[in-house]
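Please read the points alongside the coordinates.

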Amino acid sequence: MPKLKLPRALPGPAEPPAPEPPSPPALLLGRREFLKGLGALLAALAAAVTGVRRAYAAARGRFFTGHEFATLAALCDRVIPPDHDPGARALGAAHYVERMLTAFDHRVPLLFAGGPFSNRNPFPDNDDGTPSRRRPKNAFRHFIPPTRVQEMRWRAELFGSAKVPGADFNDAVLGPLTGLRTIYRQSLRRVDQTARAMHGKPFVRLEPAEQDGVTFIGLLVEHTLEGCFAAPEYGGNRRLGGWKMVGVEGDDQPLGYSIFSRAKGDYVERPDHPMSTPNPDEVAAPRPITPDAEKVQDTIIALTEIFAPD
């Protein structure tokens, strides 16, 4: 079969040339302005990330982000460092601070522990003047609602007088009261900024000697000591380790140190804690305070002299 021959295509108009690629935009920012803009962008991104972390912490009933809490715990450990005894971090001082700052996140604010007894000591047996096997319920666990004035005062302490209606009555004379929540958040940020400026690392990654060179707020010292040696129902003094470290028994009721005996018609002293004679381990001489207690005592004295008003 003969093949068909198709006519060749007639030459048509030439295709238009491809458009030139757009020229790059002119550089509008110099290096200095670019770095400023980059810094602002990174700061905005960091603020957004921090905001998310704080929202996540608040959803879990926390105040601090994970990094803020780790920084706070490391700071507490510089007030009472660990050795053969636990330091402030292990004693729960940071948990005490956070629990205080979130006191109003609970139906009954965690401000005033109840009473009169914890269950750390038994009731006395007044038949024979010895400790009984019965223990009271831990009423310390049930906090007491504050009065209206107490609540206003504590809200001002935590949130600042400007944020609490009626709490600004002294602001005209003394200036507004800055809340502890703001003080802690700003101070922890400054601690980290100082650590990075001095050593190029966040505070929690510094060696103890390097951490001691970073200034921290005197208020933290007060709260760390409270967290280590207050009743454990406030969030610190974990496993009573603070009391054990300095040789303090804590609350002793309802047992007390002398128990009335109906059989004898008189009070019976506890053999381990006599009231009219020295303790068994202090017959020869008064027992000196432990080295740890002496360190804490020296720290309190030194810091009192530093932060006391002239």
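Does Asn237 count as buried or exposed?

1. The model is a predicted one. Asn237 has 0% relative accessibility and therefore counts as buried, the cut-off being under 20%. Its backbone deserves attention as well: phi is positive, about 50 degrees, although Asn237 is not a glycine. Asn237 is placed in the loop between helix H9 (218–229) and H10.

2. Arg239 also lies in the loop between H9 and H10. Arg239 is not a glycine, yet its phi is positive at about 55 degrees. With a relative accessibility of 67%, Arg239 counts as exposed, whereas Asn237 counts as buried.

3. A cis peptide bond links Gly115 to Pro116, with omega near 10 degrees. Pro116 belongs to the loop between strand S1 (112–113) and strand S2 (124–125).

4. The peptide bond from Gln253 to Pro254 is likewise cis, and its omega is near 10 degrees. Pro254 is found in the loop that runs between helix H10 (241–246) and strand S5 (258–261).

5. Turning to helix packing, the axes of helix H2 (residues 66–79) and helix H7 (residues 180–199) come within 10 Å and cross at roughly 80 degrees. This angle falls in the range of 65 to 115 degrees, so H2 and H7 are roughly perpendicular to each other. H2 contributes His67, Glu68, Thr71, Leu72 and Leu75 to the contact, while H7 contributes Tyr184, Arg185, Leu188, Val191 and Asp192. Classified by residue type, the contact of H2 with H7 comprises five nonpolar, two polar and three charged residues.

Terms used: Residues numbered from 1 in each chain as written. Predicted model: local features only at pLDDT ≥ 70, side-chain atom pairs only at ≥ 80, totals over all residues. Heavy atoms only, no water. Axes fitted to C-alpha atoms, helices over the stretch in contact; angles between N-to-C directions. Helix = DSSP H or I, 4+ residues; strand = E, 2+ residues; numbered from the N terminus. Parallel < 35°, antiparallel > 145°, perpendicular 65-115°, else oblique. Contact = heavy atoms within 4.5 Å. Nonpolar A, V, L, I, M, F, W, Y, C, P; charged D, E, K, R; others polar. Buried < 20%, exposed > 50% of the residue type's maximum accessible area, 1.4 Å probe, protein only.
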